[in-house]
Amino acid sequence: MKPLYPLFADLVGRDVLVVGGGAVAERKVRSLRDSGARIRVAAIRLNTRLREWCAEGHLTHLPGPFDPQWLDDAWLVIAATNDRPLNARIREAADARRIFSNVVDDPVLSSFQVPAILNHAPLVIAISTAGTAPVLARRLRTHLEPLVDPVLGTLARLAGE
């Protein structure tokens with residue numbers, strides 16, 4: 001297990017590339033939508049929800065097989081495919097450009113992990129197991145949700161004012 005540095009990233013107006021067009025890519029795009037990132041999804045085909053979000057202007061579709069040049073303007077990349085050799089190529093291309101990459105459910109190929117999130121904006125609690133036990137992180141989040149009153153988000157917002 002490699003040690004990780006916890007980080008909350010400002011992605012407003014920055015390009016994030018998600019490679020994959022299925023349910024996993026949809027889940028990652030859903031979590032990115034509120035970040036203010038410019039989301040680009042690279043896939044031969046998009047599932048129904050991703051096509052809808054594309055039509056609504058929430059993301060840009062890059063059709064076709066993965067092209068490393070799609071990383072040129074990216075700040076972050078998420079590989080959401082079930083093709084490990086492709087995911088490894090995405091990681092290598094990202095590393096060559098000094099771009100953090102996450103390969104969903106593959107901590108060995110990832111340069112960052114996406115934590116389980118409990119969100120009562122602006123209060124956000126992130127739970128990580130450094131990619132070793134994501135199910136445990138999600139279960140812990142589920143256990144903590146009823147203990148963290150949503151009013152704490154309002155309190156944090158008021159404290160900021």
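## A tour of the parallel sheet and its helices

Begin by selecting helix α1 (residues 23-32): the elements that cover its buried residues include β1, β2 (38-43), α2 (48-55) and β4; contact here means heavy atoms within 4.5 Å. Helices (H or I, at least four residues) and strands (E, at least two) are DSSP runs, numbered from the N terminus. The model is a predicted one, in which local features need pLDDT of at least 70 and side-chain atom pairs count only at pLDDT 80 or more, while totals for chains, interfaces and linings use all residues. Residues are numbered from 1 along each chain as its sequence is written, and side-chain values use heavy atoms, with hydrogens and water left out.

Within α1, highlight Ala25, Glu26, Lys28, Val29 and Leu32, which are buried. Because these residues cover an arc of only 165° around the axis, they lie on the same side of α1; the arc is that of the directions from the helix axis to the C-beta atoms. Turn to the other side of α1, where Ala23 and Ser31 are exposed. Buried denotes under 20% relative accessible area and exposed over 50%, with partly exposed in between (1.4 Å probe, protein chains only).

Next, display the sheet. Its 5 strands form an open arrangement in the order β3-β2-β1-β4-β5, with parallel pairing. The edges are β3 (60-63) and β5, each of which pairs on one side only. From one strand to the next, the twist averages 20°. Two strands count as paired if DSSP finds at least two bridges between them; axes are lines fitted to C-alpha atoms, for helices over the stretch in contact, and angles run from 0 to 180 degrees between N-to-C directions.

Now select strand β4 (residues 74-79), which is largely enclosed by the rest of the structure, because 5 of its 6 residues are buried. With strand β1 (residues 15-19), β4 pairs in the parallel sense over 5 bridges, and Leu17 stands opposite Val77. Strand β5 (residues 100-103) runs parallel to β4 and is joined to it by 4 bridges; here Val77 stands opposite Ser101.

Move to the β1 and β2 pair, where 5 bridges join the parallel strands and Val19 stands opposite Ala42.

Finally, select β4, helix α3 (residues 84-96) and β5 together, which make a right-handed β-α-β unit. Right-handed means that, with the strands pointing away from the viewer, the path from the first strand over the helix to the second runs clockwise.
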